[in-house]
Amino acid sequence: MVTTTAVPTLASGPGGLDLAGITASESSLRRFLHGLPGVDQVGAEARVATLSTRSIKTTAKAWAIDLAISMIDLTTLEGQDTPGKVRALCAKARRPDPADPTAPQVAAICVYPDLVEVAAAALAGSGVKVASVATSFPSGRAALPVKLADVRAGVAAGADEIDMVIDRGAFLSGHYLAVLDEIVAVKAACGDAHLKVILETGELSTYDNVRRASWLAILAGGDFIKTSTGKVAPAATLPVTLVMLEAVRDFRDATGRQVGVKPAGGIRTSKDAIRYLVVVNETAGDDWLDPDWFRIGASSLLNDLLMQRTKLTTGRYSGPDYFTLD
Amino acid sequence: MSPAGKKFEYAPAPESRAVVTLRSSYGLFIDGEFVDTADGRTFKTISPATEEVLAEVTEAGPTDVDRAVAAARRAYQRTWSKLPARERGKYLFRIARIIQERARELAVLESLDNGKPIRESRDVDIPLVAAHFFYYAGWADKLSYAGLGPDPRPLGVAGQVIPWNFPLLMLSWKIAPALACGNTVVLKPAETTPLTALLFAEICQQADLPPGVVNIITGAGDTGRALVEHGGIDKVAFTGSTEVGKMIARSTAGTAKKVTLELGGKAANILFDDAPVDQAVEGIVNGIFFNQGHVCCAGSRLLVQESVYDEVLVSLKRRLGTLRVGDPLDKNTDVGAINSAEQLARIRELSEVGEAEGAERWSPPCELPERGFWFAPTVFTGVTQAHRIAREEIFGPVLSVLTFRTPAEAVEKANNTPYGLSAGVWTDKGSRILWMADKLRAGVVWANTFNRFDPTSPFGGYKESGYGREGGRHGLEAYLDA
């Protein structure tokens, strides 16, 4: 059985994973990915349902809200985006709550490549990163040279991070090596910029596929694996994020290299965000409870976190008009 | 507390006790009223998490048992067996709804008296209790269609003795089918966990259940013996230890009493190398650490296929590091208190035997409260079939890990026990699940899950795990003369 040969090597610790051997050919890659332990859908969903009952109150809640704010990739990815809107968002990223300077900065601003320059200028010296979607986001349907040019344009304009989409068509038809090669090429085009690989889990349909795509993206050199573009429903879900966290945890156990995780899309309330942090805490642990290793792609979430934060510090709920709309 | 990491400290999130109003002392519930004992004594019931005295309850004497059985007989003859079946169903539906309405109160009281985490009493025990009453309420006027003959008759008065691990859930497994079938009952809850049964008695009053249909007498072993040996009952239903079950079988032999026994277990949880490992590890944890391992069908023997043994053990130990042991009323607690000092002593004794016999003992680092009865989640590796911890029911949070090579060996080891209550199989291969289920001599075989219960599904044992089935259509047979 494939499982018996592939899996124990994963558990055998750093160096136990023969990366070159796995990615040597289409068949070796397929053998490896299909040899990963399966995901039982009922069990995975039951696990996150249990974790969702964790009751995070008072000091724990305050800590989690600040951590969640600091993990946000504040995102605007609309055809109607303007430099003005991006500048407004950048101002908010630097100081999310105008009334309260103790509110932490967000992790990054996430925009289309043509607006990277605007964002980079607005965020210069702030410590907030600039992330750019690329590779013909969100469909990814373009020739490889076009995608790579898209990446290079973003990096040249000052992006610290590139969010690419995988070729889901190739993945679902089993052409794993094609997906891998493309990620490798994009990673090379990124230069020093960090690469987040969007799996678009809403199109992968099974948790087994999510686990395989996660490993594929990690093997190809992705610095982060990200659930969704936000343009496909369902976007991020807790069970999908659980499966991805298991993948990065197991990969670090096997190789020593740590990879980040970013759920994106559909996370709108503080309660949702805290549930994600609980899943991180009890699946991957402390090392991922850090904006360098876990991000939340969101836009409206930030205001809800700020409102909850104000409620905790003042004891009163304030209205939505006390927080800025973008 | 043993949180997953150091960064994210979950602040205490205690469920409020204010919802529960405890009386300082409780009488016996006989003929629809709480009455004082005629010839018994009183004893105290405590919270196992703090050793705090919760209330004084009555230890029913022989005269009390006579009164309770007589009340049940009267109610059977005069009202309950004369009621149209549909009316019986209405009472059960009413009880089920009141249980739902008072769910929080019942959950808090169950956790206080038993020591189980509020997360489990709130999300598992009490919803299942309501579900059992709803399910059997539906059967009350459909008994002719149960496949047990055109007009199956009730047995009469049922004497029911239940354990302390799932106090109210076991009560529902006993009372709901008995009443649906037209019987009346005298039920004795365990001496360490009488309070939710007494609250249930109040619910019977609230539901206007005719007096004497349900009688609750509290007490210990002597009260239980007086009840099951009473000449006035037609049916004995017992859930508890195999030792007591054998005594009941002996004492009821040669009588007209119909008997069902749900006894101990030493279930094998069998993990094949193609199993979904992360979910299987959850299943192992749920199998043995659910309810502190105080589960007759607990997956106390883990059989792991050799080729994935190392990997599974690493994952399992990592997962156990995230278990939160402590205050049962804290909403984030995963493992609560051991139910009694006596049970704690038994768990300690068998764990020491395990070490002495050469198995390797491991527990995650965890701080246990000073007061109360506590035992850290424990895993024994290097266990063989010959070890006592692989043969005897520990009834605590102690897992014995064994290995196997082939499916045939797994079956052989799983079946090599005097018990046969449950088993679990973890594999991605559907055909192997069916093959294993066919070979395993256990009343319940779970596939890629463990410790899942549903009122529609029959539950019961092979061999020394008892006989008779509870739950589902099969559960009706235990309370009907068919």
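Visitor: Where is the place of B:Thr21 in chain B?
Guide: B:Thr21 sits in the segment before strand S1 (28–30) of chain B. Keep in mind that this is a predicted model.

Visitor: Is B:Thr21 buried or exposed?
Guide: B:Thr21 is exposed, because 9 other C-beta atoms lie within 10 Å, and a residue counts as exposed at 12 or fewer.

Visitor: What separates the C-alpha atoms of B:Thr21 and B:Leu169?
Guide: A distance of 21 Å separates them, and along the chain the two are 148 residues apart.

Visitor: OK, helices now. At what angle do H5 and H6 of chain B pack?
Guide: Helix H5 (residues 167–180) of chain B packs against helix H6 (residues 195–206) of chain B at about 50°, and their axes are 8 Å apart. H5(B) is therefore oblique to H6(B).

Visitor: And which hand does the crossing of H5(B) and H6(B) have?
Guide: The crossing is right-handed.

Visitor: Which residues in H5(B) and H6(B) meet?
Guide: From H5(B) come B:Pro167, B:Leu168 and B:Leu171, and from H6(B) come B:Thr196, B:Ala197 and B:Phe200. By class, that contact has 5 nonpolar residues, 1 polar and no charged ones.

Visitor: Switching to chain A. How many helices and strands does chain A have?
Guide: Chain A has 14 helices and 8 strands.

Visitor: What radius of gyration does chain A have, next to a compact globule?
Guide: Chain A has 19 Å. A compact globule with 326 residues would have a radius of gyration near 20 Å, so the value for chain A agrees with that.

Visitor: What does the C-alpha trace of chain A span along its principal axes?
Guide: The spans are about 60 × 45 × 30 Å.

Visitor: How much of chain A do buried residues make up?
Guide: Buried residues are 53% of the 326 in chain A.

Visitor: What about contacts in chain A, how many join residues at least 24 apart?
Guide: Taking contacts between residues at least 6 apart in sequence, 74% join residues at least 24 apart.

Visitor: Last topic. How many residues of chain A are in contact with chain B?
Guide: On chain A there are 29, in contact with 30 residues of chain B.

Conventions. Residues numbered from 1 in each chain as written. Chains lettered and ligands numbered in written order. Predicted model: local features only at pLDDT ≥ 70, side-chain atom pairs only at ≥ 80, totals over all residues. Contact = placed C-beta atoms within 7 Å. Helix = DSSP H or I, 4+ residues; strand = E, 2+ residues; numbered from the N terminus. Rg over C-alpha atoms; globule rule 2.2 N^0.38 Å. Buried ≥ 20, exposed ≤ 12 C-beta atoms within 10 Å, placed from the backbone. Axes fitted to C-alpha atoms, helices over the stretch in contact; angles between N-to-C directions. Parallel < 35°, antiparallel > 145°, perpendicular 65-115°, else oblique. Left-handed = near helix turned anticlockwise from the far one by under 90°. Nonpolar A, V, L, I, M, F, W, Y, C, P; charged D, E, K, R; others polar.
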